[in-house]
Amino acid sequence: MNLSIPPIGNHSLTAVLPILSHSFEGLEVLLSPFLVPSDTIREVILICPQTILSDARRALKEILSYSDTFEHPNLSLLPYTSSSFYNSTLTSAVFRVRTEWVLVLDDHGLQGLSSGQKAYLLSPLSISLPVGPNGFLRFPANSSRILATSDLEPAEYLIPPFVAPAHLFPRTFSHLADSDPWLAFGVHVAKTHLEMIGGLVLPSDISNLNCCEQYSRLPSLEMTQIEHNPIRILSADNDGRTQKRPASASGRFALVVPHLEDLHAFMHVVCRLQSVGHTVSVLLYQASPSDTMYCSSEDCTLQCLTLSHTVPTFHNWLDSLDASPDVVFALDVQDFLSVTFTMVLLHEPYRKITLIRLPRADVPHSDWIGSLTLLELRNWNIPEITISVITDHRPHSLQRLLTSLSRARYFGERIRLRINLEQTADLETLRVIQDFEWPHGDVFVHHRVIHAGLLPAVVESWYPNSNDSYGLLLEDDIEVSPLFFAWIKMTVLRYRYGGPENISPSVFGISLYQQKIIELRPEGRRSFDARALFTTDGIPNPSTPYLSQIPCSWGAVYFPEHWREFHDYLSIRLSEYSMKIHENVVPDIRSNKWAKSWKKYFIELVYLRGYVMLYPNYANFTSLSINHLEIGSHVKDQPEEEYLRKKALFMLPLMPLANASVPLCPGLLDLPEQKLPSLFSLPVLDLMGKLSSAADLLERGTKRRTELTGCSATNSLTYDARELMCLQEFT
């Protein structure tokens with residue numbers, strides 16, 4: 001056995017072994033390999049169902065009492081509540097370990113393996129891929145097991161037992177395929193390896209194993225042999241002439257997709273990018289040799305390439321381009337080429353390329369992406385969106401909200417979901433959360449032990465971890481459009497990561513809800529129509545989005561700097577350190593009576609600072625979120641007729657996905673010039689819904705600050721509530 005690859009270090013391996021009810025009879029035999037002194041194994045984590053935890057403890061205690069030595073690895077038990085939580089518990093076990101390597105076993109342990117295979121798994125070599133005796137290749141209808149004879153053989157995936165570096169395991173298995181987690185794990189591993197290998201199969205006889213030479217010569221996957229065949233996408237009226245590449249292209253984009261049909265689906269994006277002067281290159285890497293390789297578009301002409309003998313890989317294709325692209329669009333699929341994208345782009349000279357992966361099902365709804373600038377698209381992967389749901393004991397409302405979130409499009413993004421439960425949440429609400437599946441990212445559930453009320457429930461539901469962290473706050477009576485996330489992504493990229501003309505420290509967030517009622521006037525609620533207001537006032541584009549001082553609580557994204565400042569401001573106000581809690585900060589406004597509302601205090605902050613929030617302004621009040629105005633903290637029980645009348649004031653149509661059956665519904669790009677306007681061209685409204693200006697809002701706030709605190713008129717936007725209230729010494 002060639003040992004030029006070194007063994008793993010001492011006590012650098014943790015074994016994870018499942019125990020089931022039928023395991024008790026042979027548990028001592030199952031554990032015997034781990035009840036002896038070991039130089040490599042530090043700990044053995046036993047995973048078992050919660051229902052047999054007590055029996056497992058008794059059996060383990062009895063077995064250990066008979067052991068001849070106390071120098072064996074540490075043993076611990078980790079229970080799971082049901083079979084559906086096995087994968088997440090296994091992952092939790094992996095992340096509990098403090099070793100560099102993990103031995104993943106099934107409920108048979110090391111039984112049935114050859115002595116050589118057992119010896120290897122207990123004292124493995126430091127190979128950076130999973131290694132085990134059971135490896136498979138996939139075929140369209142089934143999988144085929146690989147039989148390794150004398151050397152390590154590459155496989156697409158392994159099943160336990162196998163040993164692997166701990167860092168290969170994803171943070172959770174929830175975004176892998178629940179039906180076959182080991183297949184999905186193999187695909188995940190392949191993404192990290194240039195040879196696209198999910199693991200190595202260990203032969204039964206390892207005495208002649210020449211592992212390092214074999215490992216250094218792992219074969220590249222064969223590329224589908226497609227003749228080098230440039231294709232053109234022809235305009236219907238260009239008589240076959242190829243459109244010239246714009247000489248003044250401001251950016252370079254690449255589209256890498258398997259099929260011609262995928263290119264057709266992307267046409268609305270790439271044609272828009274080309275129309276504004278960008279260069280677009282296309283690679284079709286699974287094109288059929290019999291394909292005519294021609295398609296037409298009324299909007300643009302593109303030149304495309306396929307893989308060939310001279311350009312067999314994505315890496316080779318990038319090298320063949322005149323210059324490296326700024327952005328690469330690809331599908332979020334797992335195939336022989338796409339799994340290499342991330343690894344290739346980790347290396348020079350491609351490390352500055354932005355990779356944007358979109359699920360195939362989302363591409364038809366991605367026309368808005370073409371409206372973004374090069375700078376905005378290069379920042380695609382920087383913002384981190386957390387959805388924070390606030391709920392109590394309205395299970396049907398919560399179910400409706402979660403269902404609408406599940407049906408939305410996320411364009412390949414990983415989204416954290418926080419669910420914040422009040423102490424009084426009922427069993428049905430808890431059941432709704434337990435049964436909910438979220439494939440788009442991590443889920444965190446916070447359940448209060450002491451009732452706190454809506455103000456802390458909202459304010460403490462999310463806190464930014466960086467200046468690229470954004471919180472979407474949703475109370476449980478909200479419902480969202482399937483395109484709500486597209487609106488968030490489009491606006492955040494434009495007004496937080498675009499050019500300097502589109503960024504202002506005064507903008508504190510983005511509303512999903514379209515205002516139809518102004519609630520803050522002293523005389524009470526008044527209807528509001530932004531388009532009618534802008535038309536009357538002679539604003540050139542009445543359909544434009546706009547900026548308003550009113551903070552939205554019916555579906556809105558809050559920016560990190562402003563939310564941190566609000567936390568500090570609220571602490572100062574509730575402490576009564578600077579003024580009594582009953583003192584009115586904003587003159588003549590209805591929210592002064594909302595003693596238990598977080599919005600009362602946020603309104604105070606935006607008034608003093610001159611802050612504003614972006615609002616949509618689509619036709620027919622079409623919105624990205626709606627509020628069902630259900631009985632709760634701020635909506636009291638009342639006669640049905642009055643309740644329905646009040647509810648009708650706030651109900652709006654949700655923006656649907658583009659559909660031929662509803663052709664007249666507004667879409668995301670129903671904007672002036674089919675793109676988001678520059679920030680400084682947007683109308684500005686005050687808390688009463690009246691047209692104003694950023695300078696006027698700042699002047700009003702500064703004047704009121706001086707009246708309240710006696711401070712000088714200086715009011716710099718430092719996001720520092722202590723500075724705002726002249727309380728630098730406040731802690």
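This is a predicted model: local features need pLDDT of at least 70, side-chain atom pairs count only at pLDDT 80 or more; totals for chains, interfaces and linings use all residues.
Helix 7 covers residues 260-275. At 1.5 Å a residue, its 16 residues should span 22 Å; the end C-alpha atoms are 21 Å apart, which agrees. The helix bends by about 60° at F266. F266 is buried, and the buried residues of helix 7 also include L260, L263, M267 and C271.

C271 takes part in one of the 2 disulfides found in the whole structure. Its partner is C300, with the sulfur atoms 2.0 Å apart. The link is left-handed, with -50° about the S-S bond. The pair joins distant parts of the chain: C271 sits in helix 7, and C300 in the loop between strand 15 and strand 16, 29 residues apart. C271 has a relative accessible area of 6%, so C271 is buried. C300 is buried too, at 1%.

The other disulfide joins C711 and C726, with sulfur atoms 1.2 Å apart. C711 lies in the loop between helix 19 and helix 20, and C726 in the segment after helix 20, so the pair ties together parts that are 15 residues apart in sequence. C711 counts as buried at 14% relative accessibility, whereas C726 is partly exposed at 23%.

Strand 27 and strand 29 pair in the antiparallel sense over 3 bridges. Here S548 stands opposite M613.

Methods. Residues are numbered from 1 along each chain as its sequence is written. Side-chain values use heavy atoms; hydrogens and water are left out. Two strands pair if DSSP finds at least two bridges between them. Helices (H or I, at least four residues) and strands (E, at least two) are DSSP runs, numbered from the N terminus. The expected span of a helix is 1.5 Å times one less than its number of residues. The bend at a residue is the angle between axes fitted to the seven residues ending there and the seven starting there. Buried means under 20% relative accessible area, exposed over 50%, partly exposed in between (1.4 Å probe, protein chains only). A disulfide is a pair of cysteine sulfur atoms within 2.5 Å.
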